[in-house]
Amino acid sequence: MWIAEIVPLAATLFSFIYGLRNFFKKGKPLFLQSITMAMGCHALGSIYHLCQTLTTETVLEGFTPAYLGRIGFFLFFITASYGQMDRIVDDGSPKIKPSRYIAIIAPVVAGLMFLPNAFMEDLPVNTKISAFLVWVPAMVSLYYNLKHAIIPDCDFGFIKAIKPFNILAVCLGIAELCCLTAWDYLYNAPLVITSIAFAVTCIATMLAAKKGADRWKI
């Protein structure tokens, strides 16, 4: 459990500080700053959860700031991909249409991943609802990241440059949902595996975002 507490916290704190140092500068794309804030939200939620673990012997059920940190994490990823970014990548042309439909796979898979939580008999209803509130923005975030990962380049170096970031962002979102599920079941091995996977993907996503932004040409 301590690995599951500390490893994701260390990864998101590193990513947040890395983003503050590299992305909050004049001329840097807004999407990089949104990703940085996503890492900060997750880190705050993890800090709360760690403090809760250290100060109480019982597991608090229902909605807590830890869930709020995860919700903010995915909302900021949506902010990074939706709006101006999506309008640049998706011009509405028929060539892009298949990518829009294929990307629906991501939220469908994420929705199926919620089922073990929904049907877990020992999990209180208020905790299931709290988890569902995380799943909703996660599904939206995964849709846009997958769409931007598979969308045709259309001769724009910009699109090609950010594809590694979007692929890793999909993996990161899936890893986070796996972490939440592992926490609900409190199985040690899945907790360790999913937490390490999240941490590695978290740092890789930040590095890929910076590399992509440095390379893009519109």
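Which residues form one aromatic cluster? They are Phe-31, Phe-73, Phe-74, Phe-77, Phe-165 and Phe-198.

Hi everyone, a quick word on what we are looking at. This is a predicted model, where local features need pLDDT of at least 70, side-chain atom pairs count only at pLDDT 80 or more, and totals for chains, interfaces and linings use all residues. Residues are numbered from 1 along each chain as its sequence is written, and side-chain values use heavy atoms, with hydrogens and water left out.

Now to the rings. The structure holds twelve aromatic pairs, a pair being Phe, Tyr or Trp rings (for Trp, the six-membered one) with centres within 6.5 Å. Take Phe-63 and Tyr-67: their ring centres are 6.3 Å apart and their planes sit at 20°, so this pair is stacked (planes under 30 degrees apart). Phe-63 is partly exposed at 44% relative accessibility, while Tyr-67 is buried at 14% (buried is under 20%, exposed over 50%, partly exposed in between, with a 1.4 Å probe and protein chains only).

On to the helices, which are DSSP runs of H or I with at least four residues, numbered from the N terminus. Helix 2 (residues 30-55) packs with helix 9 (residues 188-215) at about 165°, the axes 10 Å apart. That makes the two roughly antiparallel (angles over 145 degrees). On helix 2 the contact (heavy atoms within 4.5 Å) involves residues including Phe-31, Ile-35 and Met-39; on helix 9, Phe-198, Cys-202 and Met-206 are among them.

Notes:
Axes are lines fitted to C-alpha atoms, for helices over the stretch in contact, and angles run from 0 to 180 degrees between N-to-C directions. Angles under 35 degrees count as roughly parallel, over 145 as roughly antiparallel, 65 to 115 as roughly perpendicular and the rest as oblique. Rings of Phe, Tyr and Trp (its six-membered ring) pair if their centres lie within 6.5 Å; planes under 30 degrees apart count as stacked, over 60 as edge-to-face and the rest as tilted.
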